[in-house]
Amino acid sequence: MCEYTYESGKKCRLKSLEGSKYCALHIPYDEGERLFGEDIKRIKEEAFLKRLKEGQTYFEGVYLYEVKISEFRAEKPIVFKNSRIKTILFDDVTVPGITFYNSYAGRIVVFESKVGTLLVHGSNVFGLNILRVRFSNSIYVRNSSVRYLMINSTEYVGKAEKSEEEYGERKTATGRIELSNLDNVRRIGVNVRYPLMKRILEEHGITPSGSSERSVKATVLAFRDVRFDQSARFKRQVRLSVRHFHGQLVLENLNVFGHAEILGGRIKSPEFVHVIVMGNFIFRRVGFYGDATWNVTVLPHLPLELNVQGFVVVEDCRFNNPRMAEIFYRIARTSWERNGDLERADEYYYKEMVSRRQSRLTARVRGIKKVLLKLEATFEWLFADLTCKYGMDWKRPILLWLAAVNVFFPLLFFLTQSVEGISGNMGFLDYEYFSVVTATTLGYGDYHPVGVGRVIASVEALFGMFMWAVFLTVFARKYMR
């Protein structure tokens with residue numbers, strides 16, 4: 001009989017292999033290869049699949065090479081404890097759970113399967129790949145060392161309990177994908193391209209369908225206390241990539257030694273707590289959504305909690321409220337200013353100011369205060385945005401001045417016939433000349449306004465002085481700071 005002793009104190013009841021005191025599942029790699037050579041791989045795989053077919057789903061202290069579990073159904077979870085596995089592939093598996101506890105695995109692949117809970121705890125895994133998985137409870141990877149972790153086209157299909165909702169709690173008990181307390185991480189990717197995985201699947205006789213990849217959907221996607229590999233060769237790589245994710249995103253106590261990116265998807269109530277990104281942080285084509293409570297409790301602290309040493313890029317993103325847009329654009333602006341790219345910082349400053357103006361219009365006020373806010377926003381748009389894009393565009397004041405002085409005001413004077421001069425007949429060029437003299441406040445006296453022309457001339461004089469002041473201010477700011 002096999003002499004392997006379980007943690008419970010019981011011994012394995014399987015027959016030991018000839019020349020060894022252990023069975024096919026518990027014999028170590030070196031001893032098995034010394035006794036049986038390359039045949040030990042086949043012996044172990046056949047023994048494992050036989051036990052699995054007989055209904056055993058709990059495996060402790062086993063040594064396996066390459067194992068493929070295909071088209072398997074069970075009422076009990078599959079558990080590996082204190083085990084060592086080179087490669088294990090789950091294909092079209094329907095089980096209430098898959099657990100790796102205090103184990104070592106070179107590569108774990110879960111493909112086209114339905115599981116309740118997927119748990120990796122206290123283990124050392126080189127590559128963990130979760131592809132096209134539908135889970136009804138949660139996915140946890142905790143207190144482990146994982147080099148590469150990929151989650152693609154994975155979707156939560158369960159129903160959260162309503163008992164917590166009745167007390168005002170969020171639905172976070174189920175539907176979570178949580179990666180916490182991980183060491184030596186080289187890359188975490190959600191819906192990222194992984195060409196090597198196609199080759200791995202084909203080596204095990206699986207041909208992935210050509211259908212387009214689906215979004216990753218979960219109640220919460222949480223990254224907590226993840227420690228990335230500090231090797232210099234990974235410093236300039238994208239270490240954390242989240243693409244096309246739908247749900248709440250939580251980043252807590254992260255120090256990303258490299259770049260991070262969030263691309264596409266719908267992010268609900270994102271939380272960034274003590275997050276440091278040594279490289280760049282990119283947000284592109286993301287829809288951000290936050291409720292009223294999140295806007296008050298989490299959003300104001302976002303610039304303090306998110307520390308990006310490189311650049312923050314916010315492109316083609318959607319926000320369900322302008323206050324959120326203002327905060328994200330402010331974070332991006334300060335990052336570009338800190339790194340010396342003032343031109344790009346100006347672009348984000350303009351977006352920030354537009355969002356701030358829109359945010360004031362969404363304030364919950366009524367009556368005369370609401371009317372005053374609208375008037376203030378209109379005045380700001382007319383004199384700050386339309387004229388010079390909040391001081392960011394020195395060309396716009398010149399173009400507006402030329403268009404107004406050479407076309408608009410001369411046309412008004414011409415239509416109203418409200419200018420008289422030393423010559424009896426006034427042509428359009430005469431009106432244009434008078435417009436230029438008025439806008440520059442020269443006042444030669446050879447022409448003078450009459451009637452409504454006095455009002456038009458007064459407005460043009462004020463407009464001319466204001467636009468020149470705007471141009472000089474913006475031009476000096478653009479090229480002399």
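The model is a predicted one. It holds 32 aromatic pairs. One of them joins F281 and F283, whose ring centres are 4.5 Å apart and whose planes meet at 25°, so the pair counts as stacked; the cut-off for stacking is under 30 degrees. F281 is buried, having a relative accessible area of 1%, and F283 is likewise buried, with a value of 1%.

Another pair shows an edge-to-face arrangement. The rings of F414 and F428 have centres 6.0 Å apart, and their planes stand at 70°, so this pair is classed as edge-to-face. F414 belongs to helix α9 (residues 395–416) and F428 to helix α10 (residues 428–439), so the pair ties together parts that lie 14 residues apart in sequence. F414 is partly exposed, with a relative accessible area of 35%. F428 also counts as partly exposed, at 35% relative accessibility.

Aromatic residues also come together in a group. F281 and F283 are members of one aromatic cluster, together with F272, F288, F319, F328, Y329 and Y348. Elsewhere, arginine side chains are placed over tyrosine rings. R84 lies over the face of Y104, at 4.8 Å from the ring centre, and R266 lies over the face of Y289, at 4.2 Å from the ring centre.

The largest nonpolar core comprises 98 residues, and the members that touch the most others are F80, F90, F223, F281 and F283. Helix α6 (residues 322–338) supplies the largest share of this core, namely eight residues. What does F90 contact beyond its neighbours within four places in sequence? Its contacts there are I69, I78, F80, I98, F100, I108, V109, V110, F111 and S113.

Is L382 buried or partly exposed? At 36% relative accessibility, L382 counts as partly exposed, because the buried class requires a value under 20% and the exposed class one over 50%. L382 and V79 are 303 residues apart along the chain, and their C-alpha atoms are separated by 67 Å.

Key: Residues are numbered from 1 along each chain as its sequence is written. This is a predicted model: local features need pLDDT of at least 70, side-chain atom pairs count only at pLDDT 80 or more; totals for chains, interfaces and linings use all residues. Side-chain values use heavy atoms; hydrogens and water are left out. Rings of Phe, Tyr and Trp (its six-membered ring) pair if their centres lie within 6.5 Å; planes under 30 degrees apart count as stacked, over 60 as edge-to-face and the rest as tilted. Buried means under 20% relative accessible area, exposed over 50%, partly exposed in between (1.4 Å probe, protein chains only). Helices (H or I, at least four residues) and strands (E, at least two) are DSSP runs, numbered from the N terminus. A charge sits over a ring if NZ of Lys or CZ of Arg is within 6 Å of the ring centre and within 35 degrees of the ring normal. A nonpolar core is a set of buried Ala, Val, Leu, Ile, Met, Phe, Trp, Tyr and Cys residues joined through side-chain atoms within 4.5 Å. Contact means heavy atoms within 4.5 Å.
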